[in-house]
Amino acid sequence: MYDLIIIGAGAAGLFASAYASKYYPERKILVIEKTGRAGTKLLASGSGQCNFTHAAPPAEYLPHYGKKGKSLKSVLYHTDYQFLIDFFEQLGVDSWIREDGKVFPRSLKAFDVLNALIGASRGRFIYNTKINGISVFDKYVEIDSSQGMFQARNVLWACGGKSALGDAFDYDAYRLLEALGYRIVEPKPALISPQLLQYKYACLAGISFTDISMTLIKNQGKKSFYRGDLLFTHTGLSGPVVIDAARDFELGDRLRFNLVGFNNLDRLYEDFVLKMKNNPQKTIKNLLLSYDIPEAVIVALMSELSIDRQLNSHNVRKDKLRALLERLIGLEFEIKGLGDWRKAMATCGGVDLRDINLKNMRSRLHSSFYFAGEIVDVDGDTGGYNIHFAMGSGRLALDGMLG
Ligand SMILES: Cc1cc2nc3c(=O)[nH]c(=O)nc-3n(C[C@H](O)[C@H](O)[C@H](O)COP(=O)(O)OP(=O)(O)OC[C@H]3O[C@@H](n4cnc5c(N)ncnc54)[C@H](O)[C@@H]3O)c2cc1C
């Protein structure tokens with residue numbers, strides 16, 4: 001009989017295992033991993049550098065988990081970034097806090113984080129193990145697996161979500177949990193660029209805007225507002241302002257970007273006419289450059305509207321000029337796809353928070369079940385918030401269960 005079986009050797013499961021080994025060393029732990037190795041996503045995280053937390057006080061974390069942030073106080077206040085930095089330092093992994101607050105191992109090697117967690121884990125690991133069924137009894141849980149039957153007093157579900165799995169991976173955790181009565185919030189890819197209808201700006205690949213304002217316009221006209229950095233790519237839009245908001249996207253939504261400082265088309269138009277008057281010899285393109293817009297963007301928009309870029313501003317038709325300024329103040333894109341699961345960095349959806357007591361990550365349906373990480377209906381922004389949640393929720397679960 002194990003004290004604890006951890007299902008899944010990812011960021012949440014590995015951290016829980018290492019944490020339990022340090023703080024509850026007398027407990028007998030088994031980690032069941034479906035694939036042949038631990039920490040696949042952890043190794044890929046932060047482009048192999050592993051941005052595992054974010055240097056900011058817990059209160060500043062809350063908005064980085066969308067609308068659910070406020071309900072996560074108990075998790076995020078229980079473990080702050082300094083705890084994780086200290087924990088890894090004690091395992092021999094020093095950290096580096098980047099200017100933007102992202103925290104990495106000083107070596108910039110995700111491998112060092114993975115090795116430290118595995119090295120600190122005293123429990124037994126079994127790999128390539130498929131779970132066939134789970135039976136819950138009064139005082140223990142029995143797991144029927146491809147490697148035999150295992151019993152434990154507690155189970156930590158740390159199976160991750162549906163993001164970034166290989167084609168061959170049969171993700172079955174939701175099915176297992178649904179069979180036990182859990183509600184699963186329909187998962188959709190998060191931290192991903194959406195597919196856009198008739199994207200015309202492959203020519204702008206590599207062009208970026210800093211701290212730009214983006215409006216998400218729903219089919220029914222409801223608007224939400226975001227700010228952040230934007231990147232044009234060959235196939236669509238990326239950058240934190242887009243991928244962090246992906247959790248809110250639905251098919252048919254529109255994204256609108258304000259590329260200039262004006263909020264009102266009439267004002268921009270007036271301002272532009274004044275510039276024309278003061279600089280009668282200048283071309284329209286040169287006048288637009290004064291708004292601090294990359295030249296390539298101006299050229300792309302002018303060619304889309306068939307405006308000759310050598311034209312003196314006074315010779316441009318009024319309706320075309322207005323259409324051009326309208327695009328600068330509100331460049332719009334329609335979402336035709338929510339993104340590819342294989343490229344998504346996180347999962348929006350998963351085990352319904354109503355089925356979990358967030359004060360200790362314990363199930364409300366089975367007192368021996370706990371949850372941690374991406375399997376839960378929680379997804380964070382880029383910047384270390386997902387691995388932080390995975391580790392922090394794992395720690396909270398263990399303190400609730402073993403403490
Ligand atoms: C390319 C990429 C880059 C990322 N970069 C960052 C970053 O820099 N910072 C950040 O905070 N987040 C980042 N993330 C997100 C972060 O990696 C995840 O949020 C985090 O790994 C979630 O941890 P987890 O343990 O919940 O899930 P996972 O890490 O996905 O681990 C789940 C484990 O459970 C196993 N499993 C699944 N089902 C079963 C089953 N039925 N039985 C047994 N085992 C099972 C899986 O094989 C896996 O090993 C990135 C993600 C990707 C894909």
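This report describes the overall layout, the nonpolar cores, the ligand shell, the strand pairing and a few single residues of one predicted model.

## Basis and overall layout

Because the model is predicted, local features need pLDDT of at least 70 and side-chain atom pairs count only at pLDDT 80 or more, while totals for chains, interfaces and linings use all residues. Residues are numbered from 1 along each chain as its sequence is written.

The protein chain has 13 helices and 20 strands. Helices (H or I, at least four residues) and strands (E, at least two) are DSSP runs, numbered from the N terminus. Along the principal axes, the C-alpha atoms of the protein chain fill a box of roughly 85 × 40 × 35 Å.

The chain is divided into domain 1 (2-190 + 342-402), domain 2 (195-259 + 332-337) and domain 3 (265-329); such bounds come from an automatic or database domain assignment. Between the C-alpha centres of domain 1 and domain 3 the distance is 52 Å.

Of the 403 residues in the protein chain, 41% count as buried. A residue is buried if 20 or more other C-beta atoms lie within 10 Å of its own, exposed if 12 or fewer, and partly exposed in between, with C-beta atoms placed from the backbone. Two residues are in contact if their C-beta atoms, placed from the backbone, lie within 7 Å. Among contacts in the protein chain with a separation of 6 or more, 74% are between residues 24 or more positions apart.

## Nonpolar cores

In soluble globular proteins, nonpolar side chains tend to be buried together. A nonpolar core is a set of buried Ala, Val, Leu, Ile, Met, Phe, Trp, Tyr and Cys residues joined through C-beta atoms within 7 Å. The largest one here has 72 residues, and I5, A16 and L156 have the most contacts inside it. Helix α13 (residues 385-402) gives the largest share of this core, nine residues. Leaving out residues up to four places away in sequence, L156 touches L4, I6, I7, G13, A16, Y370, A372 and A397. Another core, of 38 residues, lies apart from it and includes Y201, F249, L255 and I298.

## The shell around the ligand

The ligand is surrounded by 36 residues, of which G8, G10, G46, G160 and G373 are the closest. A residue is near a molecule if its C-beta atom, placed from the backbone, lies within 6 Å of it. Helices α1 (11-23), α2 (40-48) and α13 each supply at least two residues of this shell, and the largest share, six residues, comes from α2. By class, the shell has 18 nonpolar, 13 polar and five charged residues. Here Ala, Val, Leu, Ile, Met, Phe, Trp, Tyr, Cys and Pro count as nonpolar, Asp, Glu, Lys and Arg as charged, and the others, Gly among them, as polar.

## Strand pairing

Two strands pair if DSSP finds at least two bridges between them. Three strands form an open antiparallel sheet in the order β3-β5-β4. Its edge strands, β3 (53-54) and β4 (95-97), each pair on one side only.

| Strand pair | Bridges |
|---|---|
| β3 and β5 (residues 102-105) | two bridges |
| β11 (residues 195-196) and β16 (residues 331-337) | two bridges |
| β15 (residues 254-258) and β16 | four bridges |
| β12 (residues 208-217) and β13 (residues 223-232) | eight bridges |
| β12 and β15 | five bridges |

I217 stands opposite K223 in β13, and its bridge partner in β15 is R254. R254 in turn has E334 as its bridge partner in β16. Q195 stands opposite G337 in β16. The hairpin of β12 and β13 has five residues between the strands, and G221 there takes a positive phi near 95 degrees.

## Single residues

Most residues other than glycine have a negative phi. A164, not a glycine, has a positive phi of about 50 degrees. A164 lies in the loop between β9 (148-157) and α7 (173-179), and counts as buried because it has 23 C-beta neighbours inside 10 Å. L191, also not a glycine, has a positive phi of about 50 degrees. L191 lies in the loop between β10 (184-190) and β11, and is buried, with 26 other C-beta atoms within 10 Å.

I293 is in the loop between α10 (284-289) and α11 (295-304). I293 counts as partly exposed because it has 16 C-beta neighbours inside 10 Å. Leaving aside neighbours within four places in sequence, I293 is in contact with L259, V260, L288, I298 and L328.
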